[in-house]
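Hi everyone, thanks for making time this morning. I'd like to walk you through one structure, so please have a look at it while I talk.

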Amino acid sequence: MSREQVRAWAREAGFAEAGLAALPHVHSERDAARFEEWVRAGRAGTMCYLERRESGPGGEDGRLLRSRVGIPFPWARSAIVCFAGYDSAQPRSIDPAAEGAGWIARYAWSSKVDASGVRRPSDYHKVLLKRLKALEARIREARLREQFGEFEARGYVDTGPVVERALATAAGLGWTGKNTCLIHPRLGSYGFLAVLLTSLEVEADSPDGGAPLTVPDRCGSCRRCLDACPTGALIAPYQMDAARCISYLTIEHRGAIVPELMAGMGRQVFGCDICQDVCPWNSPRRTPVSADPELEARADLVNPALEWLASLDESEFEQRFNGSPVRRAGFLGLKRNVAVAMGNSGQGRFVPWLHQWAEAADEGLRSAARWGLEKLRASR
Ligand code: B12
Ligand code: SF4
Ligand code: SF4
């Protein structure tokens, strides 16, 4: 495979950009060491799936499955890494908003119009996996025509045992910013990654010689993301303690949130965009707005009123968020996050909601509501 051919096919399949890396790539060992150190330092919080180890004779003591692509996929010789933008002309989380508005992360606003003309939530996992399948089919078709043999392939969007940003950097898609996001020099960081691993070799005689492409780090002396992170999750440039990240707390973490982090969560009720919103590489003047028809912003999720989110009952929650990334937080998880945002709002009108939740059976919701009541009392 050559980089240019793969890029053209990925764009045909609907991706905005794509890169290609021969495996193992030149920085495999460096990236493995970074991942191992990250896990060893306990930065993964309760996301145990990141800490899975290889099975077999080493068992529990085996190597971390995700540290090297070759552990779970010994047959993999190349990684095609694709990028799909999800930016829109909607406001940023750092822009002024109505009093009592919460924030749902930009990536979770995605929607598309279905065959009957109705706009419905879309989930990037499904949307992009379908495109990876189309890309794989395109490669198989070309191989068949040219009478080459079969090959192995496996596509992942988010959920596979691979560190996608490390592969994206190796494939020449961009650089790792100090906020730990993959930044594409033209498209910014508001984009999803999708990976197709194959057993095909990267062509050594392609026009670029199959040489690894690297995009230089363009963060320079900037440190806006580090200064803006409200919970201190960016503990150093390029280093995140996920257990402190609002995205982790509001989406992945179940149960009670440690009180010390609640004030920093501000109005974020699902995910967090702050370290990307402040990044000059995402400035609306520099970055083109995504025209991806399957990842369009749902206007009802931009700056949602906390009262509206609080008032949803379980069946309304399902109706609104079935097929949307927001569902991952769960009904009670979202309520818990709303309770924290209400506490941070300074708005006395939220006291009745918090009183109601302060006796909830769910510990996460109950403790957030009690904390919120205290916070509002103190801010009067
Ligand atoms: C776990 C996870 C999270 C965790 C932990 C995030 C983290 N920074 O590690 C939480 C829940 C906090 C999270 C949050 C978000 N996530 Co997330 N997440 C993942 C997941 C499943 C695994 C990431 C992982 O392995 N982390 C462990 C660390 C070690 O890996 P890493 O940061 O990805 O790797 C790079 C850096 O750590 C760097 N590094 C480490 N040490 C050093 C030292 C130096 C000097 C340098 C230069 C680099 C460096 O090396 C790695 C490769 O470049 C990936 C999907 C996947 N399978 O990879 C999505 C993924 C990373 N997430 C994604 C998204 C969209 C988000 C959010 C934007 C969602 C939101 N708005 O709330 C935020 C972004 C927060 C942020 N600033 O990163 C996208 C990122 C797209 C992009 N352009 O970067 C991914 C790739 C999913 C996807 N398929 O699109 N996420
Ligand atoms: S996503 Fe939010 S909490 Fe997480 S590192 Fe970025 S600014 Fe900090
Ligand atoms: S805000 Fe600045 S330091 Fe942070 S990722 Fe963007 S350019 Fe790099």
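Let me begin with ligand 1: its shell draws at least three residues from each of domain 1 (3-88 + 116-198) and domain 2 (224-287 + 296-372). Please keep in mind that this is a predicted model.

How many residues surround ligand 1? There are 37, and the closest are Ala105, Glu164, Tyr238, Ser247 and Gly271. If you want to find them by element, α2 (28-40), α4 (164-170), β9 (191-198), β11 (239-240) and α6 (246-252) each give two or more residues to this shell. By class, the shell around ligand 1 holds 21 nonpolar, nine polar and seven charged residues.

What about the domains themselves? Taken over C-alpha atoms, the centres of domain 1 and domain 2 are 27 Å apart. Their contact takes 22 residues from domain 1 and 24 residues from domain 2. On the domain 1 side, those residues are seven nonpolar, 10 polar and five charged.

Next, please find the open sheet of four strands. Its order is β1-β2-β9-β6, and the pairing is antiparallel. The edges belong to β1 (17-22) and β6 (153-156); each has a single partner strand, so one side of each has no neighbour in the sheet. On average, neighbouring strands here are turned by 20° against each other, direction ignored. Six bridges join β1 to β2 (residues 78-85), and one pair to look for is alanine 18 with its bridge partner in β2, cysteine 82.

Two helices go with this sheet. Helix α1 (residues 3-12) packs on it, touching β1 and β2, and its direction makes about 145° with that of β1. Helix α3 (residues 124-145) lies across β2, β6 and β9, at about 40° to β9.

Last stop, a helix pair. The axes of α11 (residues 331-345) and α13 (residues 363-379) are 7 Å apart, at an angle of about 10°, and that makes α11 roughly parallel to α13. The meeting residues include Leu332, Ala339 and Val340 in α11, and Leu365, Ala368 and Trp371 in α13. Overall, this contact has nine nonpolar, five polar and three charged residues.

Notes. Residues are numbered from 1 along each chain as its sequence is written. Chains are lettered from A and ligands numbered from 1 in the order in which they are written. This is a predicted model: local features need pLDDT of at least 70, side-chain atom pairs count only at pLDDT 80 or more; totals for chains, interfaces and linings use all residues. A residue is near a molecule or strand if its C-beta atom, placed from the backbone, lies within 6 Å of it. Ala, Val, Leu, Ile, Met, Phe, Trp, Tyr, Cys and Pro count as nonpolar, Asp, Glu, Lys and Arg as charged, and the others, Gly among them, as polar. Domain bounds come from an automatic or database domain assignment. Two residues are in contact if their C-beta atoms, placed from the backbone, lie within 7 Å. Axes are lines fitted to C-alpha atoms, for helices over the stretch in contact, and angles run from 0 to 180 degrees between N-to-C directions. Angles under 35 degrees count as roughly parallel, over 145 as roughly antiparallel, 65 to 115 as roughly perpendicular and the rest as oblique. Two strands pair if DSSP finds at least two bridges between them.
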